[in-house]
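Please keep the sequence and the structure in view while reading.

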Amino acid sequence: MNAFHVIGALTAIWAVAVAVVGIKKEDFPGGAEKIVGAISVLLVVSAISAAIITSANEGDEHGGGAAEATSE
């Protein structure tokens, strides 16, 4: 398990929680639009960043990835 799996799972849990609260509470998020939006953006950007970093590191672990394969 890597950072992308953890952050991706947190993002999914956040999305379900926001959806459930939004369905049950008519005036959701009330005055907290900026906070809910900021947390959502932070989680999504973190998940994307973790995916990019993880994929770059996997190439290094497996012999250099595509860049080394094309140089032969």
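## Thr 54 and its contacts

Beyond its neighbours within four places in sequence, Thr 54 is in contact with Asn 2 and Phe 4, where contact means heavy atoms within 4.5 Å. Thr 54 belongs to helix H2. This residue counts as buried because its relative accessibility is 15%; buried means under 20% relative accessible area, exposed over 50%, and partly exposed in between, with a 1.4 Å probe and protein chains only.

## Basis and confidence of the model

The structure is a predicted model, in which local features need pLDDT of at least 70 and side-chain atom pairs count only at pLDDT 80 or more, while totals for chains, interfaces and linings use all residues. Residues are numbered from 1 along each chain as its sequence is written, and side-chain values use heavy atoms, with hydrogens and water left out.

The predictor's confidence in each residue, from 0 to 100, is given as pLDDT. Its mean over the protein chain is 86, and 82% of the residues reach 70 or more. Confidence is highest in H1, at 95, and lowest in helix H3 (residues 65-70), at a mean of 54. Where pLDDT is low, the predicted coordinates should not be read in detail.

## Overall architecture

The protein chain contains 3 helices and 0 strands, and its elements run α-α-α from the N terminus on. Helices (H or I, at least four residues) and strands (E, at least two) are DSSP runs, numbered from the N terminus.

Of the 72 residues of the protein chain, 10% count as buried. The accessible surface of the chain comes to about 5400 Å², and carbon and sulfur atoms account for 69% of this surface. Accessible areas come from the Shrake-Rupley method with a 1.4 Å probe, and for residues only the protein chains shown count as cover.

Thr 11 is placed in helix H1 and counts as buried because its relative accessibility is 17%. A polar atom of the Thr 11 side chain lies 2.8 Å from the backbone oxygen of Ile 7. Apart from neighbours within four places in sequence, Thr 11 is in contact with Leu 43, Val 44 and Ala 47.

Val 41, in helix H2, is 30 residues from Thr 11 in sequence and 9.7 Å from Thr 11 in space, C-alpha to C-alpha. Val 41 is exposed, as its relative accessible area is 52%.

Val 36 lies in helix H2 (residues 33-61) and is buried, with a relative accessible area of 16%. Its contacts, leaving aside neighbours within four places in sequence, are Trp 14, Val 18, Phe 28 and Pro 29. Val 36 and Val 18 are 8.4 Å apart in space, C-alpha to C-alpha, and 18 residues apart in sequence.

Phe 28 and Pro 29 are joined by a cis peptide bond, with omega at about 0°. Most peptide bonds are trans. Pro 29 is found in the loop between H1 and H2.

## A nonpolar surface patch

Met 1, Val 6, Leu 10 and Ile 13 form a nonpolar patch on the surface, and together they have about 470 Å² of accessible area. Patches are made of residues with over 30% relative accessible area and no salt bridge, with like charges joined within 9 Å and nonpolar side chains (Val, Leu, Ile, Met, Phe, Trp, Tyr) within 5 Å; a salt bridge is a side-chain nitrogen of Lys or Arg within 4 Å of a carboxyl oxygen of Asp or Glu. Ile 13, in helix H1 (residues 3-24), is exposed, with a relative accessible area of 56%.

Conventions. A polar contact is a pair of N or O atoms within 3.5 Å; within protein, one must be able to donate a hydrogen and the other to accept it, and residues adjacent in sequence count only if both atoms are side-chain atoms.
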